[in-house]
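Thanks, everyone, for making the time this morning. I would like to walk you through one model, so please have a look at it on the screen before I start.

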Amino acid sequence: MSQPVLCLIAHAMSLRRDSSITPKKTKLLKTKMKKLLGETLTHLDEEFESFKKGILKVEDYLFTFLSDPRVPYDNNASERA
């Protein structure tokens, strides 16, 4: 996975954990992700292109955990089950 994408997701999770998310920050995160996913990445391998296509299919739901406190930001509960 691309380092900038990982950093952006980690930052979003941090904002949620700290309860410091605002609608403005959410919009900014979504804009940054859209920009990252819109970059031409032909210099990267096919595996990343596959990841990118998968993310593009769910990008509207990627940051749902920021606006809905019922949605966990990780999958630890499912792993524990």
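Predicted model: local features only at pLDDT ≥ 70, side-chain atom pairs only at ≥ 80, totals over all residues.

The secondary structure of the chain comes to 5 helices and 0 strands, which, read along the sequence, gives the pattern α-α-α-α-α. Of the 81 residues in the chain, 23% are buried. If we take the contacts with a separation of 6 or more, 61% of them are between residues 24 or more positions apart.

Let me turn to the helix pair. How do helix 1 and helix 2 run relative to each other? Helix 1 covers residues 3-17 and helix 2 covers residues 23-38, and their axes, which come within 10 Å, cross at roughly 165°. An angle over 145 degrees counts as roughly antiparallel, and therefore helix 1 and helix 2 are roughly antiparallel to each other. The crossing in which helix 1 passes helix 2 is left-handed. On the helix 1 side, the contact is made by P4, V5, L8, I9, H11, A12 and L15, while helix 2 contributes K25, L29, K32, M33 and L36. Sorted by class, this contact has 9 nonpolar residues, together with 1 polar and 2 charged ones.

Is T26 buried or exposed? Its relative accessible area is 11%, so T26 is buried, given that the cut-off for buried is under 20%. Leaving aside residues up to four places away in sequence, T26 touches I21 and L66.

The last topic is the aromatic residues. How many aromatic pairs does a search of the whole structure find? The search finds 2 aromatic pairs. One is formed by F63 and F65, whose rings are tilted, at 6.2 Å centre to centre and with 50° between the planes. F65 also pairs with Y73, again in a tilted arrangement, here at 6.4 Å centre to centre and with 55° between the planes. Taken together, F63, F65 and Y73 form one aromatic cluster.

Y73, at 27% relative accessibility, counts as partly exposed.

That is where I will stop, and I am happy to go back to any part of the model.

Methods: Residues numbered from 1 in each chain as written. Heavy atoms only, no water. Axes fitted to C-alpha atoms, helices over the stretch in contact; angles between N-to-C directions. Helix = DSSP H or I, 4+ residues; strand = E, 2+ residues; numbered from the N terminus. Parallel < 35°, antiparallel > 145°, perpendicular 65-115°, else oblique. Left-handed = near helix turned anticlockwise from the far one by under 90°. Contact = heavy atoms within 4.5 Å. Nonpolar A, V, L, I, M, F, W, Y, C, P; charged D, E, K, R; others polar. Buried < 20%, exposed > 50% of the residue type's maximum accessible area, 1.4 Å probe, protein only. Phe/Tyr/Trp six-rings, centres within 6.5 Å; stacked < 30°, edge-to-face > 60°.
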